[in-house]
Amino acid sequence: MAYGVALRGTAVRALCGKGNSLNLNSNGLKSVPEFVSRFPNLSVLLLCHNSISALPTHLQSLCHLTELNLGNNALREFPVVLSHLGSLRKLYLYRNKIDVVSPDAIGHLGNLVVLNLNHNNIQRLPPEIGRLRKLQQLSMLDNKLEELPGEVGCLKKLSELNLTFNNLSRLPRQLYFCRNLIKLYVARNRLTNLPEGITALVKLRVLDVAGNMLSIFPMEFHLLHLKELYCEENWLIKLKPVPILPHPENLSLKELAARFVLLEVRKQFSLINLSLPHYPELNDLLSGSNCCTECNGPFLNTWVECVHFVNLKKDMNLRSCLTIPVRSLLCSYKCFRAQGPCYYAVERK
């Protein structure tokens, strides 16, 4: 049995029970036609470039739908009815008027691989975004996003994240749990720094942080295997050496003891290393320790914060000849004056 519907002079035909793709793009629709629900085996539904402001409940019957394109419509919220479409793998909601993302709806789309929310008015994502464990591409270009939830770190298969043109002032450290991330776009936000630990993104190849307020890059940034880096229009520290007076190094007893313990912990069979699990408070204290960029020696609370400059072409094999500042923490002024990389103190004004 066949159904035929005339839309703007175009005949749209599909066989009931057999049709798997339906294209209703650019038909001036203000609502989703009822006949769409008559195709239970539909897998692809294209409804972009219309004037649809809401989705009807009868779409729940499309339990085999894997791709839904509602781009360039008039939706004002993330449609709750989508929570019943658990087979969806690709969802496009770009160029709508969405300002709220329903936790209930997005939390039930565990099979999503691609989610495009570009050009909306979204200010926040619910923590339920972390349930999209199969998500590989998340794009929220040109929204009003003020914060990225830490649950984004649960997206272990994420390979591309686009947050360009938003209002983000920080990125959650949990983002670095996305070890399969290849492309990260966070240009044109309000970022003042990138969280330490970025080298955990071992597969990262493209990073766009242009048009932010960065003054310095995180430690070991130059160890990333980037192929493309965009960092223009930031507030990067310029190389302008200033004289620095020698500082006396009077380490506290707590700092000296912590450094000794941290060194012993590195020895697999040392008595201190074997005993440490029995002292949880000490474990918590030492969890905030760090390592010297120069000698790799451990320290707890006393360090020399400085910067060294990395040439993108020479040190990172990128095309650009730009020199960028990279943060360094040193355990002593002895390491600051060591031969090798030139470290500079940061002049605070």
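**Basis and confidence**

Because the model is predicted, local features need pLDDT of at least 70 and side-chain atom pairs count only at pLDDT 80 or more, while totals for chains, interfaces and linings use all residues. Residues are numbered from 1 along each chain as its sequence is written, and side-chain values use heavy atoms, with hydrogens and water left out.

The predictor's confidence in each residue is expressed as pLDDT, from 0 to 100. For this protein the mean pLDDT is 90, and 90% of the residues reach 70 or more. Over residues 1-6 the pLDDT stays under 50, and the model has 17 contacts for them beyond four places in sequence. The pLDDT is also below 50 over residues 13-17, a stretch with 14 contacts in the model beyond near neighbours in sequence. A contact here means heavy atoms within 4.5 Å. Where pLDDT is low, the predicted coordinates should not be read in detail.

**An antiparallel sheet**

Helices (H or I, at least four residues) and strands (E, at least two) are DSSP runs, numbered from the N terminus. Two strands are taken as paired if DSSP finds at least two bridges between them. An open sheet is formed by three strands in the order β16-β15-β17, with antiparallel pairing. Its edge strands, β16 (323-330) and β17 (344-345), each pair on one side only. Strand β15 (residues 304-311) is joined to β16 by eight bridges. Within this pairing, Cys 306 stands opposite Ser 328, and His 308 faces Val 326 across the two strands.

Burial is assigned from relative accessible area: under 20% is buried, over 50% exposed, and values in between partly exposed (1.4 Å probe, protein chains only). Seven of the eight residues of β16 are buried, so this strand is largely enclosed by the rest of the structure.

**Salt bridges**

A salt bridge requires a side-chain nitrogen of Lys or Arg within 4 Å of a carboxyl oxygen of Asp or Glu. The structure holds six such bridges.

| Pair | N to O distance |
|---|---|
| Arg 38 and Glu 34 | 3.2 Å |
| Arg 188 and Glu 233 | 2.9 Å |
| Arg 259 and Glu 255 | 2.8 Å |

The salt bridge between Arg 188 and Glu 233 ties together parts that are 45 residues apart in sequence, because Arg 188 lies in the loop between β10 (183-185) and β11 and Glu 233 in the loop between β12 and α2 (253-265). Arg 188 is partly exposed at 27% relative accessibility, whereas Glu 233 is exposed at 54%.

Arg 259 and Glu 255 both belong to helix α2, four residues apart, about one turn of the helix. Both of these residues are buried. In the remaining tabulated pair, Arg 38 is partly exposed at 33%, and Glu 34 is partly exposed at 44%. A network of salt bridges links Glu 196, Glu 305 and Arg 327.

**Aromatic pairs**

Rings of Phe, Tyr and Trp (its six-membered ring) pair if their centres lie within 6.5 Å; planes under 30 degrees apart count as stacked, over 60 as edge-to-face and the rest as tilted. The count by this rule comes to five aromatic pairs. One of them joins Phe 35 and Phe 39 edge-to-face, at 6.2 Å centre to centre and 75° between the planes. Phe 35 is buried at 7% relative accessibility, as is Phe 39 at 1%.

Tyr 333 and Phe 336 also form an edge-to-face pair, at 6.0 Å centre to centre and 65° between the planes. These two residues are three apart in helix α6 (residues 333-336), a separation of about one helical turn. Tyr 333 is buried at 15%, and Phe 336 is buried at 12%.

**Two loop residues**

Asn 212 lies in the loop between β11 (206-208) and β12 (228-230) and is buried at 3% relative accessibility. Polar contacts are pairs of N or O atoms within 3.5 Å; within protein, one must be able to donate a hydrogen and the other to accept it, and residues adjacent in sequence count only if both atoms are side-chain atoms. The Asn 212 side chain reaches the backbone nitrogen of Asn 189 at 3.2 Å, and a polar atom of that side chain lies 2.9 Å from the backbone oxygen of Val 209. Beyond four places in sequence, Asn 212 touches residues including Arg 188, Glu 233 and Trp 235.

Lys 144 is in the loop between β8 (137-139) and β9 (160-162) and is partly exposed at 41%. Its C-alpha atom is separated by 5.4 Å from that of Ile 122, 22 residues apart along the chain. Leaving aside neighbours within four places in sequence, Lys 144 is in contact with Asn 121, Ile 122, Gln 123, Asn 166 and Asn 167.
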